[in-house]
Amino acid sequence: MNKELLRRFGQFIQKQTSHIANFFSYLKNLFSSANVKYRKTDKFLLILSAALAVSIIVAIHFDEKITPAASSTRYTTSWIGNSFGGGDKWVQIQISGMYVAPDGTIYTNSEWDEAGREVGIYRNGDVIGKAEDLHGWGRSGGVAITANKKYIYVAMEQSGIDQKKDGFPPKGTNWYCVRRYDLTGKTAPFANGKGWDKSMLIVSQKDEITGLATVGKELFVSDSAANKVRVYDTETMQELRSFDLAKPGNIAVDTTGNLWIIQNNQVVNYSKEGKKLVGVISELKNPSAIAVDNRGRLLVAENSQSQQVLIYDIRNKSKQIGTFGEKGGIYAGIPGEVKDLKFYGISGVGSDSWGNIYVSNDGFERSGVDLRSFSASGKLQWKLLGLQFLDNADVDPETNGLDVFTKNERFTMDYSKPPGKEATYQGYTLNAFKYPQDPRLHIPSDAPFVRRIQGKKFLFLTDMYGGKLQIFRFNKQADGEIAIPSGMFVVSHPDGKKAIGGDYPPFQPSEGEWIWRDKNGNGKFESNEYDKSKDHPYIGGWWVDSKGDIWKSLRTQDGVGIRHFPLQGLDQNGNPIYSYSKMEKINHPKIFGDLRRIEYFPETDTMYLSGYTPDNPAINNDYAKLIGSEIARYDNWSKGNRKPKYRIVLPVDKSAPPEVLNPAAMSIAGDYVFAVTVKKAEVYVYDAKTGRQVKILKPGAEVFGETGWVDIPYGVRAFRRKNGEYLVFVEEDAKAKVMMYRFNS
């Protein structure tokens, strides 16, 4: 045997020896519990253990080749996009407001977190807790938060519900409240408090609270709808006074107890009694957050093209004395490249008693949380990520899985690292300023396909109900990490209206479906850039094959449910060309009465289709996200074969609502077919040659055995690396991540 094989053999035996020892210990305990003396079973146990060892060793042939087992059930559960795996710890999906206490505890607020961390509590790069009871029953968070030494004060909303219950507004009415909590996140009721537990102070029934701060025993509240700043006692929560201010926003308190308040594109200065002071900072561009540091300096976050924190000396007249962060933020230098001091979508700023600075990035259109802590000298100390929501991942096929893309991010992968640590966040692919018509800023987007077409990289995105397919190109030299809007397919509206309601995108056809291509390369929708048609409005699924051809399955009853758009090449700006004049209509196999998904592989001329069949009909065929009850494989598709090699009957649970337990997505990679269910997010794995089920992937201990629902049509994506390892990405919409299973065939 050569040295490499001996090394592998030694590792193999060492690994299996631990299994034998565990098996020996198990049998010993088993016989001991049956009151059999150990000495009398020694020989028997040794024989069994030896037999187990022999059964392992005989798998090794004398020709020095290790024969793999039939199909191992072993796999690793990992994830990307969040700093924590789950359980009690995850980073929320958005931060809309932030307050930093003198001891460095960070309190964050957001309108929604899928798993219920609307208000997060963080310290020293760790999750400390959350405020309870802000999720469900008509409750949600808000955009403002503050705290003192005893309580957390949270801007939140309580909506009316169908039932008439004490502590709830009538249906159709909203209470915009300050809710009080103790510092652990438990509600802190007070006399005459509102809400079911008497912990809410109703401030408005018109609009949300936009700012909160405390000075001594007084709580200051920006009531933007009433154009007032209201003042309450922090203990009794009784209103003490108020003063007029048009559209007050975020509030900070300086060392003298005076207030600095964001008002549109300026910051104004008031005493706590409501007297207007001279310190006005004007000509700001979209100020989004404000704080005072331990040196008495005012920090103002500008969520504009500068993407910086502006620093002011406010001791006499307000004077800007510095900035924090690179000018241009994430788009400075190499656009989209993630660097410590490149900010994007700043939603919060704060400082503690040591002068550490904290910045929360919320991306654009709330594309995910990136919370960072810096020393007083500006060195990054830690960052926390909660980037993924209604999202999945795909790999760049050219880099063999070393580059992974989600709808807005690029990660580089090191598969030698432990679960949850393989991914490094490298690129943010959305440029909200250069490409303001990027579909990701205007319509829901999810589930990437990454393809190489004529050697060039492209990103394709779908949406929650499958009605659109977005296309993005890359130009590293000019745009760095940015995915440039390149094209889009949109299906017809079933009522004959515009395919996308509202004013976006400009110049879209008034009816029917259309293909847009960015002919002039500026990333904007122009009137001469649409190709239009009319077709069946109900989409089954999209697919982009390895040649760049686009396939669409329709839920039509006429038997012609497949559309094929051959790639016509790339135009002078690098956009892929597709047209209705070259589109092929193809009859789908008769076994499918309701065709849902399609995946074609030109290398082997193999087609995979899914949908509902007469043998296994739909329970509720209006729920468009599901892939159906069967998957069928067709070989020699282009030669006209329509006889399936096999039909996989999927695990449909007829006892539950179809949107809960049934298959939501499928993916084919290498030797396997993958199908994932909605609620349990279990991945059923089938042999692609025979259709036989070989394993089920379930969330492991690495993620506390839990997962959110698969809520998008392309919630599973698989890839086989050159070393035979499989990567299986699964949407995990609860705790701001994408699940990643890893196994070897």
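Is Arg633 buried or exposed?

1. Arg633 is buried, its relative accessible area being 13%. This value, like the others in this note, comes from a predicted model. The side chain of Arg633 forms a salt bridge with that of Asp635, at 2.7 Å from N to O.

2. Over the whole structure, the search gives 43 salt bridges. One of them joins Asp313 and Arg315, whose closest N and O atoms are 2.7 Å apart.

3. Glu398 is exposed, with 51% relative accessible area; Arg452 is partly exposed, with 23%.

4. Salt bridges also form a network, which links Asp133, Arg139, Arg179 and Asp197.

5. Asp733 is a charged residue without such a partner. Asp733 is buried and has no salt bridge; Lys625, the nearest side chain of opposite charge, is 7.8 Å away. A salt bridge requires a nitrogen-to-oxygen distance within 4 Å. The side chain of Asp733 does reach the backbone nitrogen of Trp709, at 3.2 Å. In the chain, Asp733 is placed in the loop between strand 49 (725-732) and strand 50 (737-744). Apart from residues up to four places away in sequence, Asp733 touches Glu114, Phe389, Leu390, Gly708, Trp709 and Asp711.

6. Arg642 is another loop residue, found between strand 42 (630-635) and strand 43 (646-649). Arg642 counts as partly exposed, at 30% relative accessibility. The side chain of Arg642 reaches the backbone oxygen of Trp637 at 3.0 Å. With neighbours within four places in sequence set aside, the contacts of Arg642 are Ile586, Asn587, Pro589, Tyr634 and Trp637. Of these, Asn587 is 55 residues from Arg642 along the chain, and the C-alpha atoms of the two are separated by 9.6 Å.

7. Which strands make up the open sheet of four strands, and in what order? The order is 44-45-46-47, and the pairing is antiparallel. Strand 44 (663-669) and strand 47 (693-697) are the edge strands, each pairing on one side only. On average, neighbouring strands of the sheet are turned by 20° against each other, direction ignored. Strand 44 and strand 45 (residues 672-677) run antiparallel and are joined by six bridges. Ile668 has Val673 in strand 45 as its bridge partner.

8. Some backbone details in loops deserve a check by eye. Asn124 has a positive phi, near 55°, and is not a glycine. Asn124 lies in the loop between strand 4 (119-123) and strand 5 (126-130), and is exposed, with a relative accessible area of 66%. Glu365, also not a glycine, has a positive phi of about 55°. The loop that holds Glu365 runs between strand 23 (357-361) and strand 24 (369-374), and Glu365 counts as exposed at 57% relative accessibility.

9. The peptide bond from Tyr504 to Pro505 is cis, and its omega is near -10°. Pro505 is in the loop between strand 33 (483-490) and strand 34 (513-517).

Definitions and conventions
Residues are numbered from 1 along each chain as its sequence is written. This is a predicted model: local features need pLDDT of at least 70, side-chain atom pairs count only at pLDDT 80 or more; totals for chains, interfaces and linings use all residues. Side-chain values use heavy atoms; hydrogens and water are left out. Helices (H or I, at least four residues) and strands (E, at least two) are DSSP runs, numbered from the N terminus. Buried means under 20% relative accessible area, exposed over 50%, partly exposed in between (1.4 Å probe, protein chains only). Lys and Arg count as positive and Asp and Glu as negative; His and the chain ends are not counted. A polar contact is a pair of N or O atoms within 3.5 Å; within protein, one must be able to donate a hydrogen and the other to accept it, and residues adjacent in sequence count only if both atoms are side-chain atoms. Contact means heavy atoms within 4.5 Å. Two strands pair if DSSP finds at least two bridges between them. Axes are lines fitted to C-alpha atoms, for helices over the stretch in contact, and angles run from 0 to 180 degrees between N-to-C directions.
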